[in-house]
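This report goes through one protein model, from the whole chain down to single side chains. Please keep the sequence and the 3D view open while reading.

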Amino acid sequence: MKSRSQDQSLTDSRELDRSYDPLTGSVADDSELSTVCYRPEGIDRLVQQTNFSKKELQVLYRGFKNECPSGAVNEETFKNIYSQFFPQGDSSMYAHFLFEAFDTQNNGAVNFEDFVISLSIILRGSVTDKLNWAFNLYDLNKDGCITREEMTDIMHSIYDMMGKYTYPSMKDSAPKDHVDSFFQKMDRNNDGVVTIEEFLETCQKDDNIMQSMHMFDNVI
């Protein structure tokens with residue numbers, strides 16, 4: 001019988017040569033290793049960092065590996081995957097904004113940790129966590145406030161993604177109308193930008209927004 005220290009040594013050596021997958025407990029073969037450029041650090045740490053169980057993380061990781069065998073996805077691949085959900089429109093610009101929100105390390109790639117930490121916030125996070133994540137998505141240059149130009153870009157990307165043949169059909173002025181409504185509601189001091197404080201305060205007083213925050217609570 002092997003001792004616990006022997007088992008740990010074997011696991012450590014496998015992790016060092018990147019042949020051992022700590023999330024699935026499996027050992028990669030040579031052909032798989034040739035395509036893998038990134039592996040997660042370990043499931044126990046992700047259990048602590050997210051609101052997912054160990055079993056849920058393993059299921060998510062298997063799905064992630066099926067789509068991204070290398071262990072990380074670049075923006076072009078991310079756009080291609082996302083476009084499958086919106087075949088009737090052009091989702092490329094919205095997918096670009098979404099990719100930047102997921103790419104927390106700003107290195108041009110989304111690995112499993114990036115993906116699952118954001119997914120945990122979206123699906124299982126507190127209302128404040130979800131609102132902070134949404135604000136970060138809309139704050140395109142990450143300077144701490146949302147400008148009218150940024151919100152206009154976001155709204156145009158959403159309307160492009162939904163497609164021109166929706167029913168009922170949308171007016172060409174719809175993106176601008178939504179931006180005007182957003183700033184009328186959110187820009188409390190009328191200085192032309194929306195801060196995180198204004199965003200949180202307004203959203204938390206809006207029943208419709210609060211209800212939408214719980215839309216995905218039981219998805220997984």
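## Basis of the model

The structure is a predicted model, in which local features need pLDDT of at least 70 and side-chain atom pairs count only at pLDDT 80 or more, while totals for chains, interfaces and linings use all residues. Residues are numbered from 1 along each chain as its sequence is written, and side-chain values use heavy atoms, with hydrogens and water left out.

## The chain as a whole

The chain has 12 helices and six strands. These elements are DSSP runs numbered from the N terminus, a helix being H or I over at least four residues and a strand being E over at least two. The accessible surface is about 13100 Å², and carbon and sulfur atoms make up 51% of that surface. Such areas come from the Shrake-Rupley method with a 1.4 Å probe, and for residues only the protein chains shown count as cover.

Of the 220 residues, 39% are buried. Buried means under 20% relative accessible area, exposed means over 50%, and partly exposed lies in between (1.4 Å probe, protein chains only). Among contacts with a separation of 6 or more, 54% are between residues 24 or more positions apart; a contact means heavy atoms within 4.5 Å.

## The nonpolar core

The largest nonpolar core holds 50 residues, and those touching the most other members are L98, L131, L137, Y138, M151, F182 and F199. Helix α6 (residues 92-102) gives this core its largest share, seven residues. A nonpolar core is a set of buried Ala, Val, Leu, Ile, Met, Phe, Trp, Tyr and Cys residues joined through side-chain atoms within 4.5 Å.

L131 is one of the core residues named above. Apart from neighbours within four places in sequence, L131 contacts F199, L200, C203, Q204, I209, M210 and M213.

## Helix α11

Helix α11 spans residues 196-204 and includes I196. Its buried residues are I196, E198, F199, L200, T202 and C203. These buried residues pack against α8, α10, β6 (193-195) and α12 (207-213).

I196 has a relative accessible area of 19% and so counts as buried. Residues up to four places away in sequence aside, I196 touches N132, F135 and G144.

## Salt bridges

Side chains of opposite charge can pair when their charged atoms come close. The structure holds eight salt bridges, a salt bridge being a side-chain nitrogen of Lys or Arg within 4 Å of a carboxyl oxygen of Asp or Glu. One of them joins E113 and R45, at 3.6 Å from N to O. E113 lies in helix α7 (residues 112-124) and R45 in helix α3 (residues 43-49), so this pair ties together parts that are 68 residues apart in sequence. E113 is buried at 7% relative accessibility, whereas R45 is partly exposed at 39%.

D180 and K176 also form a salt bridge, with their closest N and O atoms 2.9 Å apart. Both residues lie in helix α10 (residues 174-186), four residues apart, about one turn of the helix. D180 is partly exposed at 28% and K176 is exposed at 54%. The side chains of E201 and K205 form another salt bridge, at 3.2 Å from N to O; E201 is partly exposed at 35% and K205 is exposed at 60%. Salt bridges with shared partners join R148, K176 and D180 into one network.

D139 sits in the loop between α8 (127-138) and β5 (145-147). D139 is buried without a salt bridge, and the nearest side chain of opposite charge is that of K142, 6.2 Å away. For charge, Lys and Arg count as positive and Asp and Glu as negative, with His and the chain ends not counted. A polar atom of the D139 side chain lies 3.2 Å from the backbone nitrogen of D143. Beyond neighbours within four places in sequence, D139 contacts G144, C145, I146 and E150.

D103 is placed in the loop between α6 and β4 (109-111). D103 is likewise buried with no salt bridge, and K142 has the nearest side chain of opposite charge, 10 Å away. The backbone nitrogen of N107 is 3.3 Å from a polar atom of the D103 side chain. Neighbours within four places in sequence aside, D103 contacts G108, A109 and V110.

Definitions and conventions:
A polar contact is a pair of N or O atoms within 3.5 Å; within protein, one must be able to donate a hydrogen and the other to accept it, and residues adjacent in sequence count only if both atoms are side-chain atoms.
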